[in-house]
Amino acid sequence: PFMTKINLRGDPDDKNFMLSAGKALNTILPTKANTYTNNESLKIIWLGPNEWLIIDEKENDKQGLFSKLENSFGSQDASVTDVSENRTVIRIMGTKLFILLAKFLTLNLDNSLNSSSSVAQTLFIKVPVLLMRHHEHNREPKIDIFTNRSHANYVYKILVDGTKNLDF
């Protein structure tokens, strides 16, 4: 409930847009597909060629970050939207995490989430989700599953049910 989520849209080929975003966020927007960058508590996820999801995990002044971004663009062609209430994040971890998720995804997680700054957009059964890797190599796997709020309970219940036949 305390995670701020802001959707940012703009032209990555526009130097003024990229400079304004970088200055406001104190980091560079990722321009490589299916990656994210981070700076302190901020994570900036590439969603598409001109779209990013900015996540702030610490409990802070959500309106302050939103205003800072909005003010940094002035009259530039950019869009800043607070989507904090749009998606629920389910954080799961464990040594059998990829086995559990493989039951519900057609995505090859080993290939799609192969680096510590990887994200993947896919379907969890029939529900659109965003997966974000949170672990370093040789560490216990930890992944955030971003799903629409209306699907969160469904995804959660399926995950819990899916653990029942895993050998621990």
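Mentor: Two strands pair if DSSP finds at least two bridges between them. Keep that cut-off in mind. This model is predicted.

Trainee: What makes strand 7 and strand 8 a pair?

Mentor: Strand 7 and strand 8 are joined over six bridges, in the antiparallel sense. The cut-off is at least two bridges, so they count as paired. Phe124 stands opposite Val127 in strand 8.

Trainee: Which order do the strands of the open sheet follow?

Mentor: The order of the four strands is 6-9-8-7, with antiparallel pairing.

Trainee: Why are strand 6 and strand 7 said to stand at the edges?

Mentor: Each has a single partner strand, so one side of each is left without a neighbour in the sheet. From one strand to the next, the twist averages 30 degrees.

Trainee: What packs on the sheet?

Mentor: Helix 5 does, touching strand 6, strand 7, strand 8 and strand 9. The direction of helix 5 makes about 15 degrees with that of strand 6.

Trainee: Which residues touch the most other members of the largest nonpolar core?

Mentor: Leu101, Phe124, Leu131, Ile143, Ile145 and Leu159 do, in a core of 21 residues. Strand 6 (87-93), helix 3 (97-102), strand 7 (119-124), strand 8 (127-133), strand 9 (142-148) and helix 5 (152-162) each supply at least two residues. Helix 3 gives the most, with four residues.

Trainee: Why is Ser117 called partly exposed?

Mentor: Its relative accessible area is 26%. Buried means under 20% and exposed means over 50%. The value for Ser117 lies in between, so Ser117 is partly exposed. Ser117 is found in the loop between helix 4 (109-112) and strand 7.

Trainee: What does Ser117 contact beyond its neighbours within four places in sequence?

Mentor: Asn34, Thr35 and Tyr36.

Trainee: Which residues lie nearest the centre of the largest pocket?

Mentor: Glu40, Leu42, Asp56, Leu65 and Lys68, among 13 lining residues. About 200 Å³ of space lies in this pocket. Helix 1 (15-25) and helix 2 (62-73) are the elements that give two or more residues to the lining. The largest share, three residues, comes from helix 2.

Notes
Residues numbered from 1 in each chain as written. Predicted model: local features only at pLDDT ≥ 70, side-chain atom pairs only at ≥ 80, totals over all residues. Heavy atoms only, no water. Core = buried A, V, L, I, M, F, W, Y, C linked by side-chain atoms within 4.5 Å. Buried < 20%, exposed > 50% of the residue type's maximum accessible area, 1.4 Å probe, protein only. Contact = heavy atoms within 4.5 Å. Axes fitted to C-alpha atoms, helices over the stretch in contact; angles between N-to-C directions. 1 Å grid on protein atoms, 1.4 Å probe; cavity = no way out; pocket = protein on both sides within 12 Å on 5 of 7 lines; lining within 4 Å. Points joined across faces, edges and corners; volume = space filled by probe spheres on them.
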